Amino acid sequence: MEIFQIYLPIAGMQFNALILVAIGFSVGVMGGFFGVGGAWVVTPALNAFGFPMAYAIGTDLAHMFGKSIVATAKHRKMGNVDAKLGILSIMGSVIGVEIGARNVMWLTKLGIAGPVVRYVYMVLLFGLGIYMLYDYATKDKRAAAQAAKVAVAARAGVTPPAKKSWNLPPMVHFPTSGITISFWSVTGVFLFTGWLSGFLGVGGGFIRMPALIYIIGCPTAIAVGTDLFSVLFTGAYGCLTYAVKGRVEIFAAILMLCGASIGAQIGVTAVKYIRGYGIRLLFAIMVLLAGISVCLKQFNYISGSQWMVMCAALGMCLVIIIKLYQGFKKEQAEKARYAAKEVKP
Amino acid sequence: MKRFSVIIINFLLLGVPALVCAAEGLEIPDELNKKINLANLSGFSHFFAKWYNDNLWVYAIMVTLLMGIVGLTIAVVADVILKMIGMEVSKIEHLE
């Protein structure tokens, strides 16, 4: 392992290049697949291996910018990026983050910021994870109920009642996602997700992605691609602002980016082979594991929490790679069968 | 009347974030006032560390551009490789 030791001039320390590439790779796979930046994995992982915390966040944001270019470009090819929705999400999120950050400052003055933020984080992670698992478990039941409702309406010769929603004008149409929704609903959702990310001090991808699915009504793959599109802009801004403050270790960021770019290719391609609900299930599991990690941190099991999040990330990467391999094999077999049918007249 | 009330609600909603933002001041974190010792550095390490010491804005712009360029280059190269092994992607059907 000695041969992989490199000197990082900005951080002023020796570090193992292989670890940086490996962390980048695993976050790249997850980022491409779930549409998240992955700061909640990178920061504790870097910290666990002795990377100085002063540079961890900035270096992570720098590599996140490069990685999201790779992943967004690929998602765009697959028709998974709703640019209009993405731009609205950036505008709403920026204001929300600002409000969230100010709320934290206010709580800091009161001396209760740490525990409040951690408890909100835990409630959010567990609430989100459990809701997504419940949604996955009841999907067939709900689909059957909906089909029955449509059948009854068809027999009676009427159209089934539409879902109730808040239709305050102006209404905005998003052709890529195939939805028309009130401008205020979209802005409100992004303001809230932005507020949460500002309040919790996280990138916000893991909040925005489920919000796009469950509140806005995006198909899962488009939620993933659109979220990555937003991460691209927040990553670029984060990279610049942290570098100006001298907190980006450029060589570490490049090594992580190399691993992440390869990982992102794998993660994005896996989206092609896994249905929307499969992505939601894996995301729910990952969010619950992250919640357990935050719990461990709250009870001062710091290294346990770091290892927990790292092992969860590596395990999830393995699952995604296996699913990709199985999907690819299946596709190849189908192609071969189709080609054989074409030859045989 | 309905149109008028919609306009009023829209204006009220537009003002909400500004009101919340005005409530509290935001503290700006301190910058790292650190200088790197260039004596034992050479090549790229020396180049980037020198800019880090001299002008953080130039360093920041270089970092951001470099990340973008490396990301784009890897995206293009990986695309070619994946096409060669038959894993190219195109528009997909959005199945839930």
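Residues are numbered from 1 along each chain as its sequence is written, while chains are lettered from A and ligands numbered from 1 in the order in which they are written. Since the model is predicted, local features need pLDDT of at least 70 and side-chain atom pairs count only at pLDDT 80 or more, whereas totals for chains, interfaces and linings use all residues.

**Exercise 1. Describe the overall build of chain A and of chain B.**

Begin with the elements, where helices (H or I, at least four residues) and strands (E, at least two) are DSSP runs numbered from the N terminus. Chain A has 12 helices and 4 strands, and chain B has 3 helices and 0 strands, its elements running α-α-α from the N terminus on.

Next, consider the extent of chain A, whose C-alpha atoms fill a box of roughly 75 × 65 × 35 Å along the principal axes. The radius of gyration, taken over C-alpha atoms, is compared with a globule rule of 2.2 Å times the number of residues to the power 0.38. For 345 residues a compact globule would have a value near 20 Å, and the 22 Å of chain A agrees with this.

Finally, turn to burial: a residue is buried if 20 or more other C-beta atoms, placed from the backbone, lie within 10 Å of its own, exposed if 12 or fewer, and partly exposed in between. On this count 52% of the 345 residues of chain A are buried, and 14% of the 96 residues of chain B.

**Exercise 2. Characterise the side of chain A that touches chain B.**

First count the residues, taking two as in contact if their C-beta atoms, placed from the backbone, lie within 7 Å: chain A gives 53 residues and chain B gives 41. Among the elements of chain A that give two or more residues are H4 (83–110), H7 (183–200) and H9 (220–244). The largest share, 10 residues, comes from H3(A).

Then sort by class, with Ala, Val, Leu, Ile, Met, Phe, Trp, Tyr, Cys and Pro counted as nonpolar, Asp, Glu, Lys and Arg as charged, and the others, Gly among them, as polar. This side of chain A has 35 nonpolar, 9 polar and 9 charged residues.

**Exercise 3. Where does Asn300(A) lie, and is Asn300(A) buried or exposed?**

Asn300(A) is found in the loop between helix H11 (276–298) and helix H12 (302–343) of chain A. With 8 other C-beta atoms within 10 Å, Asn300(A) is exposed. Its phi is near 70°, a positive value in a residue other than glycine. Most residues other than glycine have a negative phi.
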